[in-house]
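Reader: I am new to this structure. Please take me through it in short steps.

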Amino acid sequence: MNFLMALIINGPIKSFCYRRLQYLSNKFQMHVLLNEMKELAAQKKVPHRDFYNIRKVDTHIHASSCMNQKHLLRFIKRAMKKHLDEIVHVEKGKEQTLKEVFETMNLTAYDLSVDTLDVHADRNTFHRFDKFNAKYNPIGESILREIFIKTDNRVSGKYFAHIIKEVMADLEESKYQNAELRLSIYGRSRDEWDKLARWAVNHRVHSNNVRWLVQVPRLFDIYRTKKQLANFQEMLENIFLPLFEATVHPAQHPELHLFLEHVDGFDSVDDESKPEHHIFNLDSPLPGNWVEEDNPPYSYYLYYMYANMTVLNHLRRKRGFHTFVLRPHCGEAGPIHHLVSGFMVSENISHGLLLRKVSGEGMSGGAGGVVGPPSPHCAPQAPVLQYLYYLAQIGIAMSPLSNNSLFLSYHRNPLPEYLSRGLMVSLSTDDPLQFHFTKEPLMEEYSIATQVWKLSSCDMCELARNSVLMSGFSHKVRRIPSFP
């Protein structure tokens with residue numbers, strides 16, 4: 001990591017990488033000028049294939065927000081009509097029915113609307129990750145989030161499973177759309193994996209169009225403050241020991257073993273813009289000695305997740321089981337070293353916005369190859385990192401509509417620039433519940449990107465192809481003839 005950090009601030013290397021990126025952009029523009037019509041003609045000659053019936057994968061989408069707001073509203077209304085007397089919550093030792101829960105809020109099914117649900121991101125969420133997280137609570141009530149979009153609750157995640165299965169049915173009906181949904185493991189207790197696997201198996205939450213990723217929120221500081229964990233080692237053991245046990249003795253953990261067959265890898269999630277009070281280096285305490293209430297830095301989390309996954313993968317490979325990859329949220333905000341960490345250990349990353357700012361804004365590649373002073377918002381190391389991501393073809397799942405509500409206006413999103421330079425980018429939705437309006441959020445994402453950036457049908461198909469290559473579906477499934 002020290003070597004890479006030194007490399008990305010080296011003046012001559014920055015100039016070289018900047019020039020190479022400019023060369024790639026200009027070469028692509030020349031290609032478009034010369035061959036756009038030939039490409040269009042060649043596409044027209046392909047029988048039974050156009051943008052609508054090529055396979056595409058939503059490579060970054062969270063299960064708890066994979067439905068749109070209208071879908072969630074209709075589901076809650078249906079539940080209020082059919083399951084009013086079902087016990088759904090325990091408050092201070094007292095059981096509450098769904099009817100009683102809504103009576104405490106002075107709400108009826110008739111009162112509910114998309115506006116009262118209030119789950120959509122708006123102008124107030126820009127650079128306010130806390131307000132965005134609050135949007136996961138329907139009607140601003142965390143109790144409804146627990147009842148309807150959690151796997152571990154009084155109804156054993158029954159409602160959430162039904163919503164997921166409805167989303168899966170929509171994907172199967174569309175035939176050509178697929179998704180990699182993310183479920184959370186927090187690391188607070190050892191039985192989280194068994195509970196999650198039991199939920200998935202008991203409710204038969206399965207589809208040929210869906211694979212799973214497990215996201216680990218970086219919330220150790222909160223758990224430590226509440227005395228739920230003694231040290232960071234305990235969190236790591238809660239996350240990984242059940243996986244080792246299920247790999248060594250699958251017969252003792254049949255549900256978890258079955259569920260892991262449908263899990264592609266791990267994601268690391270939280271607000272990257274939170275200040276970090278510690279730099280990960282040789283003097284950093286080992287996980288067993290990390291007892292302070294400050295959160296470990298981003299690179300600390302990624303390193304220990306990767307280290308444990310590497311050992312686990314060796315074991316699983318020996319046992320004849322499939323292995324996992326690391327695909328964290330990275331480069332949406334925060335310091336540049338997040339992208340360095342991601343480059344070292346990740347198969348793919350989500351967002352990658354901080355790789356931008358290498359052409360025009362804050363950088364100049366004059367006759368002498370001099371790189372000018374960066375603008376106030378510029379990451380001056382970006383040319384080297386962006387070129388490294390290009391060379392390594394590390395996948396970048398980008399979500400322009402999500403970024404537009406949180407960190408970066410749509411017209412400033414670097415996706416078309418990345419695409420023209422040959423970086424491995426795909427389009428994804430992130431959180432349809434917060435950002436999308438239609439029944440097909442992935443198509444909505446493609447539609448808006450195409451209109452705003454005037455993408456050709458060839459560009460759209462390339463993004464779709466990238467999404468299939470980046471996805472965790474098996475090689476056999478990714479081959480076009482046998483893709484579901």
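Reader: Which residues make up domain 2 of the protein chain?

Author: This is a predicted model. The domain assignment gives domain 1 as 1-64 + 150-354 + 381-479. Domain 2 is residues 65-149.

Reader: How many residues of domain 2 are in contact with domain 1?

Author: The domain centres, taken over C-alpha atoms, are separated by 27 Å. Contact is counted residue by residue, with heavy atoms within 4.5 Å. Domain 1 brings 37 residues to the contact, and domain 2 brings 33.

Reader: What area is buried between domain 1 and domain 2?

Author: The size of an interface is often given as the accessible area lost when the parts come together. Here carbon and sulfur atoms give 59% of that area. The area buried between the two domains is about 3200 Å².

Reader: Which element gives the largest share of the side of domain 1 that touches domain 2?

Author: Elements that give two or more residues to this side are β1 (56-62), α8 (158-174), α16 (400-406) and α18 (432-435). The largest share is 8 residues. It comes from α8.

Reader: How many residues on that side of domain 1 are nonpolar?

Author: The side of domain 1 that touches domain 2 has 12 polar and 9 charged residues. The nonpolar ones number 16.

Reader: Is Asn 413 buried or exposed?

Author: Asn 413 sits in the loop between α16 and α17 (415-421). Its relative accessible area is 4%. The cut-off for buried is under 20%. Therefore Asn 413 counts as buried.

Reader: Which side chain makes a polar contact with the side chain of Asn 413?

Author: Asn 413 touches several residues beyond four places away in sequence, among them Leu 353, Met 398 and Trp 453. Its side chain also reaches the backbone nitrogen of Leu 415 at 3.1 Å. The side-chain partner, at 3.3 Å, is Asn 403.

Definitions and conventions. Residues are numbered from 1 along each chain as its sequence is written. This is a predicted model: local features need pLDDT of at least 70, side-chain atom pairs count only at pLDDT 80 or more; totals for chains, interfaces and linings use all residues. Side-chain values use heavy atoms; hydrogens and water are left out. Domain bounds come from an automatic or database domain assignment. Buried area is the accessible area (1.4 Å probe) that two parts lose on being put together, summed over both. Helices (H or I, at least four residues) and strands (E, at least two) are DSSP runs, numbered from the N terminus. Ala, Val, Leu, Ile, Met, Phe, Trp, Tyr, Cys and Pro count as nonpolar, Asp, Glu, Lys and Arg as charged, and the others, Gly among them, as polar. Buried means under 20% relative accessible area, exposed over 50%, partly exposed in between (1.4 Å probe, protein chains only). A polar contact is a pair of N or O atoms within 3.5 Å; within protein, one must be able to donate a hydrogen and the other to accept it, and residues adjacent in sequence count only if both atoms are side-chain atoms.
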